Amino acid sequence: MWKLFFETCNVLCCLVPGRDRRAHIRRLKLYDWRRKYNALRRAYPELNFNRTQMIKGGWNIGFIVDRRYVFKIRKFYDKTIPTEKIMREQRITNALADTASIRIPRIAVVRTGGYTFYKYDFIPGRNMNTYSSRTIAKYAPRWGAQIGEFIHSIHTARAPDIDDLRDRDGDGWNHNDICNNVIIDPKTMNVVGVIDWEYSGWGMLATEFENCVRFSKKINESGILTYIQKKYYELSSK
């Protein structure tokens, strides 16, 4: 859907008078998506870019290519930002991936066309937040238990490779945006992945619980948080 939207807007920009004005609109409103897309096509000629979906959220836009890889990049990319700062997400996910009870995408750095992209394997499934209120409530006990186990596995992890990122008050590692980034396998109706770790970091457990339901009314009203917390504390008591 987003790809079609951006393609249509890109064509309509041709009607705007003035080359500089067109470039300004494409940069400000369309995030120079076409240049970023073409940079990836040149870098990966073996991939089928006819099967590309665009995603948009937070600070980033992304391209799901051939249902194999996700390439993510800042909407307003600034190549002067140090790679270390951009790839903070990579360090955290790599450090926690082996500990997590649910799949975390492993991130690679791709530099092409003057851009730096995040690249990770596509996890097939459907975002939990796209299900109906009735379905979320029905599966709240199962999904809540799986998410609770996941939170326990990362929050209690001790990852010395990223100790330098413990830059705030906290008692463990948080994803901080679980509500919007849980992937469900529609065949098994199990949680199979947690994506988009750009807000992750050291923090308080209470904050992680809050952010499991904070950004979605239907998830909040499903009662899933009760099951998340129940499973977490069951594991903590062992």
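A: Begin with pairing: two strands pair if DSSP finds at least two bridges between them. Keep in mind that this is a predicted model. With that in hand, glycine 62 stands opposite lysine 72 in strand E3.

Q: How many bridges join E2 and E3, and in which sense do they pair?
A: E2 and E3 are joined by six bridges and pair in the antiparallel sense. Three residues lie between the strands of this hairpin, in which aspartate 66 takes a positive phi near 60°.

Q: How many bridges join E1 to E2?
A: There are six bridges, and E1 and E2 run antiparallel. One of the facing pairs is threonine 52 with valine 65, its bridge partner in E2. The hairpin of E1 and E2 has two residues between the strands, and here glycine 58 takes a positive phi near 60°.

Q: How do I read the two faces of a strand, and which residues of E2 are on each side?
A: In a regular strand, side chains alternate between the two faces of the sheet. In E2, Asn60, Gly62 and Ile64 are on one side, while Ile61, Phe63 and Val65 are on the other, and all of these are buried. Buried means under 20% relative accessible area. Six of the six residues of E2 are buried, so E2 is largely enclosed by the rest of the structure.

Q: What is the strand order in the open sheet of three strands?
A: The order is E6-E8-E9, with antiparallel pairing. Strand E6 (126-127) and strand E9 (190-194) stand at the edges with a single partner strand each, so one side of each has no neighbour in the sheet. E6 is joined to strand E8 (residues 182-185) by two bridges, and arginine 126 stands opposite isoleucine 184 in E8. Helix H6 (residues 133-155) packs on this sheet, where it touches E8 and E9, and its direction makes about 35° with that of E9.

Q: What lines the second largest pocket?
A: The second largest pocket has about 180 Å³ of space. Its lining includes Asn10, Leu30, Asp32 and Trp33. Helix H2 (19-28) and helix H3 (33-43) are the elements that give two or more residues to this lining, with the largest share, five residues, coming from H2. The lining divides into three nonpolar, one polar and seven charged residues.

Q: Is cysteine 14 buried or exposed?
A: Exposed means over 50% relative accessible area. Cysteine 14 counts as exposed because its relative accessibility is 52%. This residue is found in the loop between helix H1 (2-12) and H2. Leaving aside residues up to four places away in sequence, cysteine 14 touches Arg22 and Arg26.

Q: What distance separates the C-alpha atoms of cysteine 14 and arginine 126?
A: These C-alpha atoms are separated by 35 Å, and the two residues are 112 residues apart along the chain.

Note on methods
Residues are numbered from 1 along each chain as its sequence is written. This is a predicted model: local features need pLDDT of at least 70, side-chain atom pairs count only at pLDDT 80 or more; totals for chains, interfaces and linings use all residues. Side-chain values use heavy atoms; hydrogens and water are left out. Helices (H or I, at least four residues) and strands (E, at least two) are DSSP runs, numbered from the N terminus. Contact means heavy atoms within 4.5 Å. Axes are lines fitted to C-alpha atoms, for helices over the stretch in contact, and angles run from 0 to 180 degrees between N-to-C directions. On a 1 Å grid over the protein atoms alone, a cavity is a set of points where a 1.4 Å probe fits but cannot get out, and a pocket is an open set with protein on both sides within 12 Å along at least five of seven lines; lining residues have an atom within 4 Å of a point. Grid points are joined across faces, edges and corners, and a volume is the space filled by probe spheres set on the points. Ala, Val, Leu, Ile, Met, Phe, Trp, Tyr, Cys and Pro count as nonpolar, Asp, Glu, Lys and Arg as charged, and the others, Gly among them, as polar. Buried means under 20% relative accessible area, exposed over 50%, partly exposed in between (1.4 Å probe, protein chains only).
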